[in-house]
Amino acid sequence: TGERIGASSVHGEASLGLYAEQRSHFIAHTQENNMEEKKTLLSYKPGTILQGVYKSYGRFGFLITDDDHEDVYISDRDHLNAVNNDTVEVKTMKSETGRHNTEGRVMKVLERANDTFVCTYEMLKDGGEAVPIDEKVDMYIEIPEGQEMDATTGARVIVEVTRWPGEWTDAEGRVTEVIGYKGDKGLDIDIIDAQCAERIDERRSQTAVGNQWYVEVDGARRIL
């Protein structure tokens, strides 16, 4: 007698075959839809005046306007004193390097996304200096003597900007809170809490879950 094949084995092979066939159809359908949905983004002509949100990546950034146009590249020397998520007015220009279809220069900052930042403080001969720990905020903040709340070098502090940077000058501000120092218990959590509070105005999305409210910041839920 020949070897008998169980029904479960036959059904398993049939199921695998059906799954493979359905999967290939699904992939083909998805690729077809993606090709249909993919569209060519428009470029702005040089000399166009635009308003949008500046997204910083350290020393350069992009102007975000709408879903129909390419983002406008903003070089280090052309972002004026705009900070990440500021609303700005930009004048487009022809790309000097050819690496970007559209480049632009920030003409003015229309609205600040934030005026307080979590920073690392350093004592200097006259006053001090604060550097935002968020790498997307590319500026130094001078702290005049008497405005440091007794912070010393290495302190994690919250700083309020009182004067934004100019072409040849750094920003100026004052320490509003000393969060703590390296080695302090719970410092990392306190810094995260301070950063979340800093971003609430940028991305506010309060939702009720049962009787608890939370704010969603960068995909993370913080209970209020």
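With which residue does Asp86 form a salt bridge, and how far apart are the closest N and O atoms? Asp86 pairs with Arg112, with the closest N and O atoms 2.7 Å apart; a salt bridge here is a side-chain nitrogen of Lys or Arg within 4 Å of a carboxyl oxygen of Asp or Glu.

The legends below describe a predicted model, in which local features need pLDDT of at least 70, side-chain atom pairs count only at pLDDT 80 or more, and totals for chains, interfaces and linings use all residues. Residues are numbered from 1 along each chain as its sequence is written, and side-chain values use heavy atoms, with hydrogens and water left out.

**View 1. The salt bridge of Asp86 and Arg112**. Asp86 lies in the loop between β3 and β4 and Arg112 in the loop between β5 and β6 (116–123), so the pair ties together parts 26 residues apart in sequence. Strands (E, at least two residues) and helices (H or I, at least four) are DSSP runs, numbered from the N terminus. Asp86 is buried, at 1% relative accessibility, whereas Arg112 is partly exposed, at 23%. Buried means under 20% relative accessible area, exposed over 50%, and partly exposed in between (1.4 Å probe, protein chains only).

**View 2. The salt bridge of Asp78 and Arg105**. The N to O distance is 3.2 Å. Asp78 sits in the loop between β3 (72–74) and β4, and Arg105 in strand β5 (residues 103–111), 27 residues apart. Asp78 is buried, with a relative accessible area of 4%; Arg105, at 37%, is partly exposed.

**View 3. The salt bridge of Asp138 and Arg59**. These side chains meet at 3.8 Å, N to O. The pair links distant parts of the chain, 79 residues apart: Asp138 is in the loop between β7 (128–132) and β8, and Arg59 in the loop between β1 (49–56) and β2 (61–64). Asp138 is partly exposed at 31% relative accessibility, while Arg59 is exposed at 53%.

**View 4. Val90 in strand β4 (residues 87–93)**. Val90 counts as buried because its relative accessibility is 0%. Beyond residues up to four places away in sequence, the contacts of Val90 (heavy atoms within 4.5 Å) include Leu50, Leu63, Ile74 and Val106. Arg105, the salt-bridge partner of Asp78, also touches Val90.

**View 5. Confidence along the protein chain**. The mean pLDDT, the predictor's confidence in each residue from 0 to 100, is 79 for the protein chain. Confidence is highest in strand β8 (residues 141–143), at a mean of 97, and lowest in strand β11 (residues 206–209), at 40.
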